[in-house]
Amino acid sequence: MGLPLLGAIRHGGSLAVVRSMPDQQALQEAGRHVGVRLVSAYVHAYDGCRDQLDLLRRLADHGALSLRVADRFSPVEAPRAHRLPEAGGVRGRLVI
């Protein structure tokens, strides 16, 4: 994670950061240098904002948002779903 990610993003693209990283300031500066914008995507900003989350759902339903789902898991499989990103190589969202 971190600086190597920038090479995978086209000029003018964005990187959504869902957790703070130790080198986030350096990553942001390097991103500006190569034309990549860092965007904070903290779900907690939407706590209690059902209308905003519903808007995202409607946009996804109409194809205005492209969502990549890597795999789907039942609630009993949640521990396995949480281990996968730690092992690396997951591309897309894991849906429980």
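Helices here are DSSP runs of at least four residues, numbered from the N terminus. With that in hand, let's look at this predicted model. Arg 58 and Asp 54 both belong to helix 2, where they sit 4 residues apart, about one turn of the helix. Their side chains meet in a salt bridge, at 2.7 Å from N to O.

Asp 54 has another partner: its side chain also meets that of Arg 57 in a salt bridge of 2.8 Å, N to O. This pair lies in helix 2 as well, 3 residues apart.

## A linked network

How many salt bridges does the structure hold? There are 3. Asp 61 and Arg 57 form one of them, at 2.7 Å from N to O, and they are separated by about one helical turn because they are 4 residues apart in helix 2. Together, Asp 54, Arg 57, Arg 58 and Asp 61 are linked in a network. In general, side chains of opposite charge can pair when their charged atoms come close.

Is Asp 61 buried or exposed? Asp 61 is exposed, with a relative accessible area of 56%. Arg 57 is partly exposed at 42%, and so is Asp 54 at 27%.

## Nonpolar residues, outside and inside

Helix 2 also carries Leu 56, which is partly exposed at 37%.

Now for the inside: the largest nonpolar core has 7 residues, among them Leu 6, Ile 9 and Val 17. Leaving aside residues up to four places away in sequence, Leu 6 touches Leu 27, Ala 30, Gly 31, Val 34 and Val 36.

Conventions. Residues are numbered from 1 along each chain as its sequence is written. This is a predicted model: local features need pLDDT of at least 70, side-chain atom pairs count only at pLDDT 80 or more; totals for chains, interfaces and linings use all residues. Side-chain values use heavy atoms; hydrogens and water are left out. A nonpolar core is a set of buried Ala, Val, Leu, Ile, Met, Phe, Trp, Tyr and Cys residues joined through side-chain atoms within 4.5 Å. Buried means under 20% relative accessible area, exposed over 50%, partly exposed in between (1.4 Å probe, protein chains only). Contact means heavy atoms within 4.5 Å. Helices (H or I, at least four residues) and strands (E, at least two) are DSSP runs, numbered from the N terminus. A salt bridge is a side-chain nitrogen of Lys or Arg within 4 Å of a carboxyl oxygen of Asp or Glu.
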